[in-house]
Amino acid sequence: MPSRSTRAEPVRVGLVSDTHDLLRPEVLEFLRGSHHILHAGDICGEAVLQALAQLAPLTAVRGNNDRGAWAQRLPETRTVDIAGVAIHLVHDLNDLVLPPQARVVVCGHSHQPKVEEREGVLYVNPGSAGPRRFRLPISVAELCIVRGGVTARLVAF
């Protein structure tokens, strides 16, 4: 298990989900300056991944609407260590098998932005950054990691 970072400078992790092949300029601007970007699925186009990867190192998982050869190369779940914090990505929270080391879970699918902590794990759904669905907001999120501590912030457009 990785040790916690003692890094004093904040590490900013941009969170996005459910772009559905639409990458809005305000989403790109929000993600600019991130140390890492995590996409929780329903990308729906390889060009979205290419554009995000130009901003920062990118980790993405496949959502239920991701199809084709490019999508098959994406895992359904992934755990990454960023600044000593284990972050688990899964598109649909109903498919979650929580790795014991995970301190943060990032998901999508519902298009409903939400941050909550349960049993010591921070759950973040950045909502949908793609086409508007019903009356739900267009939104993204970010994690801020400092000295092993993690906070999350949702931003709606």
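What we are looking at is a predicted model, in which local features need pLDDT of at least 70 and side-chain atom pairs count only at pLDDT 80 or more, while totals for chains, interfaces and linings use all residues. Residues are numbered from 1 along each chain as its sequence is written, and side-chain values use heavy atoms, with hydrogens and water left out.

Let me stay with A83 for a moment. It sits in the loop between β4 and β5, where helices (H or I, at least four residues) and strands (E, at least two) are DSSP runs numbered from the N terminus. Most residues other than glycine have a negative phi, but the phi of A83 is positive, near 55°. C44 also has a positive phi, of about 70°, although it is not a glycine, and C44 belongs to the loop between β2 (36–39) and α2 (46–53).

C44 brings me to the cysteines. If a disulfide is taken as a pair of cysteine sulfur atoms within 2.5 Å, the count comes to 0 disulfides. For C44, the nearest cysteine sulfur is that of C107, 17 Å away.

Now to the interior, where a nonpolar core means a set of buried Ala, Val, Leu, Ile, Met, Phe, Trp, Tyr and Cys residues joined through side-chain atoms within 4.5 Å. The largest such core has 18 residues, and V13, L15, L38, I82, I87, V106 and L143 have the most contacts inside it. At least two residues of this core come from each of β1 (11–16), β4 (77–82), β5 (85–90), β6 (104–106), β8 and β9 (139–146). A second, separate core holds 17 residues, among them V27, L31, A56 and A71. Taking contact to mean heavy atoms within 4.5 Å, and leaving aside neighbours within four places in sequence, L15 is in contact with residues including L31, L38, V106, V124 and L143.

Turning to open space, a pocket here is an open set of points, on a 1 Å grid over the protein atoms alone, where a 1.4 Å probe fits and protein lies on both sides within 12 Å along at least five of seven lines; its lining residues have an atom within 4 Å of a point. The largest pocket has about 190 Å³ of space, and of its 14 lining residues, L93, C107, S110, K114 and N125 are the closest to its centre. The elements giving two or more residues to that lining are β7 (114–118) and β8 (121–125). The second largest pocket has about 150 Å³ of space, and its lining includes R62, E76, H91, D92 and H109.

I will finish with A156, which lies in strand β10 (residues 149–156). A156 is exposed, with a relative accessible area of 54%, and, not counting residues up to four places away in sequence, it touches P137, I138 and S139. The C-alpha atoms of A156 and I43, which are 113 residues apart along the chain, are separated by 19 Å.

Definitions and conventions. Grid points are joined across faces, edges and corners, and a volume is the space filled by probe spheres set on the points. Buried means under 20% relative accessible area, exposed over 50%, partly exposed in between (1.4 Å probe, protein chains only).
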